[in-house]
Amino acid sequence: MIDILTSLIDIVGEKGVSNAPEELWFYSRDPGVLAPHQPDYVVAPKSTEQVQKIVQLACREKIPVVPMGNGMSLAGLVIPLKGGIVLDMKRMNKILEVNAVARYAVVEGGTSQGVLKAYLQKNHPTLRHSLPDAPPTTTIAANVSLHGQGRLTHQYGFNSDMVTGLEVVLPTGEICRVGSPSIGPYWFSKGPTLPDLSGLFLGWLGCTGIITKVGIKLYPNKKFRDVELFVTDRAELVPNILYKLTHLEMLEDINVWFQPKPLVFAGNFHVSIFFTGDTEEEIEFKRKMIWDSLQEFMDSKDGGFVSLFQYMKDMLLEMPGRNIADFADVPKGGGFEYSGPIALIEHYPRYAAKVVELAEKYNLLYASAARLISGGHAMMFSISFAFNRNDPDMMKRVEKALDEAMIFALDMGGIPWKPNFKEQKLTMQRMEPNALRLLQMIKKNLDPQGIMNPGNWEVNA
Amino acid sequence: MYKLKFNEKVCASCRSADCLLKCQYMTFSGHQEAHGEMMKIMKCKDSRVLDDCVTCYACEEYCRRGNHPFFLISERREEKGMFTAPRPITKQWINMTAMQGKYLVGDVKDKALSCCYIPELGALGTGEIFKDVASAAVFGAEFMCPAVHSHFARMSVIKERLPIVIENFRKLGVKEVICLHDECYGTLTSIAEAYGMEVPFKPVYYMDFLLERMKQLKDKITPLGITVAYQRPCSNRLIPEKHTLVKKIFKLIGVKAPKRVYQDENALCCAEIIRAVSGYKLADDVRKRNIDDMLNAGAEYCVFNCPACQLTLSEKVSKRGLKPVHIIDLCKMAIGEKEREAAS
């Protein structure tokens, strides 16, 4: 029997491995409500080759491997459900290439959103990427692997749609490139015109391989950003309001949110409308188009634009926004978790009613923020609850409310976003049998030992 | 519930109908039509005024006979279940200004310095000018003049909240309340009087206080020698007798305010409420005319009385080359307490 710790030290060096209880404690949990489970080792590789060697070792010894970005999914996606090795990717944080003309960047698998943002601001101020509303320490690879969304999702789709190529260490230890980098030096396409193999890894939550490099699309960074805030007190009008806005085809991002606290927000549904421009004239033109598009709701007195003073605009325009952290601390104790199904916009009123119903049933503080995807084809609808981490009963109630929310979303024909292991099972129970078999076939073939993030997307379970 | 003291006989016998004829946002063919519309309002009938009034308060000043046409319009709108701004905006303002027990009270004895519910006023009420009263500042919804709800035709909110505000001040045991917000003074005098509410302390208009203090600090004043345009707020229409204080203060600190089209009785609103009530087209037009007029008069600075006007217009006047400054900061500049460049 080999000494795993020594073998891991041989691969990454002493400073890159730990099985100290205090470190394992941290790596056994995430900020959500799911129960912790301890890994046996934490390893922080510095290169693709080190990742490869670790995976080869794990495959040989049949040890679970859980790749981890910053561990902020809130859904327990990197809690090592069956122990093993947590592979902390944060030391692989280099920006390898920016092709400013083709507008893409290639980064290592542990590169954070904040690092790329800062790099672009400094070196390529006319470029930006789709920054999610998550802490800047969250990583780009983790975000695309769970189909994350960001500030440009309304215009260009899920952040995973913006991938331009992947380098992956397969569960059997081979290094594999996907998309245009598989046949040449350029990272401009993850699939087309080849068969799109990126689907074998995106959305799989690290169950089919470890992303060690990712190419990501960049977009024009306009000189000005601005925001308007439209409110209505009738949830049933929200889909039509969004339809009018998406028809404009010129907005950066659209979020719809409602929450009972602070009181100023109570009773209204808020539509944050973000837009950009290179001149003030362009901004003013777009502002007028936005107002004109919603005139009918103002005429009927059902909706109107909020007077936004500069400090309020600054808060709304902040990227990433900090208001989620504020919300998490309302009941004190800093806990926050949400279910975020991808759903049809026309179902908004029913989802909104469900949030309030669940909050009342479980006596919880709620908030909801929906983000429009791809010009209005769908939305991510968050059903969010804040909780006190030092209140086990409250955490249990949140867990129950979220479970119920996911069943509701599935009943409504929605798709769970970054589902935890329980939600994955619920989803698979409803999946068409042949689709489920295909899923099983892919997982089995890519990960014959079942070592990659086990407990997640386990078709055999 | 308090009732508006509106003298119908005075209105019925009015020969000028100035309240509506002078309105800058509605037009009438003459006395007969304007007077006729007011009669309809008085008799609780439908009137286009109830649909079109942008709530600038100016008719309160145009009426020279002590009646309250704007309050009547607002009362009638609410009675008819009408909304000026969209319903969710109205709701938001009611919620935003609700008393929630989150207020600040300084070292209050005989006098209180009211900062209303406007954080910017706290910073203004400081320094040499306010040295004897700054520590007596009070702030919060519990001390906020609720007049803003007249913009939304929700006089019931004013009638419900204003007595509580008055009572909150009374409980502090004050003899005087210096109102840093123009609208607070207007509320505690004009609105309270119109609804028969007793105010058991003396409201002091901050410009009276400011003028007095600047006289006391005369030796410290270096005339500013600048040219300004003054943005008169809507609430000043409730207390037109106080409008002359602006010129007195300007004179004392060496500020020129050349005559312009939209001044005094003809002043234009900052238009933020117009934006909410009528949309951006009228608001943009009003703002453009207003700022054009300021520039045509040769102004270098745009001087504000109301922080809400300042928040609304600062960026817009800045983009056109005017420096936005509150009149208190202007006085601080005159006594060397604030740099000219600090005006923002």
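1. In chain B of this predicted model, 20 residues of domain 2 are in contact with 20 residues of domain 3, where contact requires that the C-beta atoms of two residues, placed from the backbone, lie within 7 Å. Helix H8 (119–124), helix H10 (182–194) and helix H11 (206–216) of chain B each give two or more residues to the side of domain 2 that touches domain 3, and H10(B) provides the largest share of that side, seven residues. Helices here are DSSP runs of H or I with at least four residues, strands are runs of E with at least two, and both are numbered from the N terminus.

2. The domain assignment of chain B lists domain 1 (8–79), domain 2 (95–210) and domain 3 (218–342), with bounds that come from an automatic or database assignment. Taken over C-alpha atoms, the centres of domain 2 and domain 3 of chain B are separated by 23 Å.

3. An open sheet of chain B is formed by four strands in the order S7-S6-S8-S9, with parallel pairing; two strands pair if DSSP finds at least two bridges between them. Strand S7 (255–256) and strand S9 (323–326) of chain B are the edge strands, each pairing on one side only. Strand S6 (residues 226–231) of chain B is joined to S7(B) by two bridges, and Thr227(B) stands opposite Lys256(B) in S7(B).

4. Helix H15 (residues 307–319) of chain B packs on this sheet, where it touches S6, strand S8 (301–304) and S9 of chain B, and its direction makes about 165 degrees with that of S9(B). Helix H16 (residues 327–334) of chain B also packs on the sheet, touching S7, S8 and S9 of chain B, with a direction at about 90 degrees to that of S9(B). Axes are lines fitted to C-alpha atoms, for helices over the stretch in contact, and the angles run from 0 to 180 degrees between N-to-C directions.

5. Chain A contains 15 helices and 20 strands. Its C-alpha atoms fill a box of roughly 75 × 55 × 45 Å, taken along the principal axes. Among contacts in chain A between residues at least 6 apart in sequence, 68% join residues at least 24 apart.

6. Residues are numbered from 1 along each chain as its sequence is written, while chains are lettered from A and ligands numbered from 1 in the order in which they are written. Local features need pLDDT of at least 70 and side-chain atom pairs count only at pLDDT 80 or more, whereas totals for chains, interfaces and linings use all residues.
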